[in-house]
Amino acid sequence: PFCGSGTIAIEGASLQLGLPPGRFHPPPMEGTSFCNPALWEEMKSKAMMSVSRAKQDDDPVCVAAGDIDPKALDAAKANAKRAGVDDCIDFIKGSFVSHPLLKQQSKDGKKTNVLDDATQQSLLVVANPPYGKRLSPDETKSTIYRKLANALLSSSSSRSIDCAIIGKDLRIMREAGMPLDVAFSTKHGGLNVAAMAGSLPKPKDI
């Protein structure tokens with residue numbers, strides 16, 4: 001959810017495929033005697049060999065991204081294409097509360113969308129919800145976190161869900177029902193934020 005320009009989804013898809021993170025960068029220490037362009041190209045070539053093997057995996061990881069802003073979604077798709085992972089990410093316009101991955105399968109077992117095959121798999125949610133000036137006047141941190149928590153907890157009855165969420169207020173997130181701990185703190189957009197992670201309990205564990 002809240003995919004924005006697609007950074008998190010693109011990095012996730014790249015990791016899944018085994019794409020080397022610096023494949024678009026020039027060789028390290030360029031302009032010095034330590035730079036070795038031939039070695040750099042060799043390392044990238046070896047790393048890229050794993051990509052075809054990952055695509056043939058019998059149990060691939062589904063990467064999905066969504067946002068309510070069509071302009072943000074267009075930017076995310078364009079960025080994914082430049083990164084070479086546009087065919088590995090399902091982009092969906094709409095609120096996270098109605099995302100197919102958070103919907104339970106129908107009682108008759110019929111599939112209703114292209115992501116139904118993934119609805120019973122374990123789910124990792126990585127999100128950067130809006131905070132600070134990114135919130136509209138009628139929004140509050142607690143409202144967004146509560147909606148996110150309710151959507152995730154309602155889906156946790158059928159599979160395990162792990163979360164990693166960037167935010168400013170751990171207390172509000174915990175009050176919303178997400179038992180997350182601080183993984184690390186950093187600055188994001190000039191604000192002090194924390195990356196919070198944890199596993200969501202199933203209803204019987206709450």
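Author: M29 counts as exposed, because its relative accessibility is 54%; exposed means over 50% relative accessible area, buried means under 20%, and partly exposed lies in between, with a 1.4 Å probe and protein chains only. This residue belongs to the loop between α1 and α2, the latter spanning 37-55. Although M29 is not a glycine, its phi is positive, at about 60°. The model discussed here is a predicted one, in which local features need pLDDT of at least 70 and side-chain atom pairs count only at pLDDT 80 or more, while totals for chains, interfaces and linings use all residues. Residues are numbered from 1 along each chain as its sequence is written, and side-chain values use heavy atoms, with hydrogens and water left out.

A positive phi is also found at F2, at about 55°, and F2 is not a glycine either. F2 is located in the segment before α1, which covers 7-17. With a relative accessible area of 22%, F2 is classed as partly exposed. The helix and strand names follow DSSP runs numbered from the N terminus: helices are H or I runs of at least four residues, and strands are E runs of at least two.

Beyond the loop that holds M29 comes α2. The structure holds two salt bridges, a salt bridge being a side-chain nitrogen of Lys or Arg within 4 Å of a carboxyl oxygen of Asp or Glu. Side chains of opposite charge can pair when their charged atoms come close. In one of the salt bridges, E41 joins K44, with the closest N and O atoms 3.3 Å apart. Both residues lie in helix α2, three residues from each other, about one turn of the helix. E41 has a relative accessible area of 42% and is therefore partly exposed, whereas K44, at 15%, counts as buried. A salt bridge also links the side chains of K46 and E42, at 3.3 Å from N to O. About one helical turn separates K46 and E42, because they are four residues apart in helix α2. K46 counts as exposed at 53% relative accessibility, and E42 as partly exposed at 40%.

The chain also contains an open sheet. Four strands form it in the order β3-β4-β6-β5, with mixed pairing. Its edge strands are β3 (123-127) and β5 (181-188), each of which pairs on one side only. From one strand to the next, the twist averages 15°; axes are lines fitted to C-alpha atoms, for helices over the stretch in contact, and angles run from 0 to 180 degrees between N-to-C directions. Two strands are said to pair if DSSP finds at least two bridges between them.

β4 takes part in both senses of pairing. With β3, β4 pairs in the parallel sense over five bridges; L123 stands opposite I161 in β4. With β6 (residues 191-200), strand β4 (residues 161-167) runs antiparallel, and seven bridges join the two. In this pairing, D162 stands opposite S199 in β6, and the bridge partner of I165 in β6 is M196. The covered face of β4 consists of I161, C163, I165 and G167, while D162, A164 and I166 make up the uncovered one.

L124 is placed in strand β3 and counts as exposed, because its relative accessibility is 58%. Together with I8 and V126, L124 makes a nonpolar surface patch of about 240 Å². Such patches are made of residues with over 30% relative accessible area and no salt bridge: like charges are joined within 9 Å, and nonpolar side chains (Val, Leu, Ile, Met, Phe, Trp, Tyr) within 5 Å.

As to the whole, the protein chain has five helices and six strands. Read from the N terminus, its elements run α-α-β-α-β-β-α-β-α-β-β. Of the 206 residues in the chain, 35% are buried. The chain exposes about 12400 Å², of which carbon and sulfur atoms supply 56%; accessible areas come from the Shrake-Rupley method with a 1.4 Å probe, and for residues only the protein chains shown count as cover. Among contacts with a separation of 6 or more, 69% involve residues 24 or more positions apart, a contact meaning heavy atoms within 4.5 Å.
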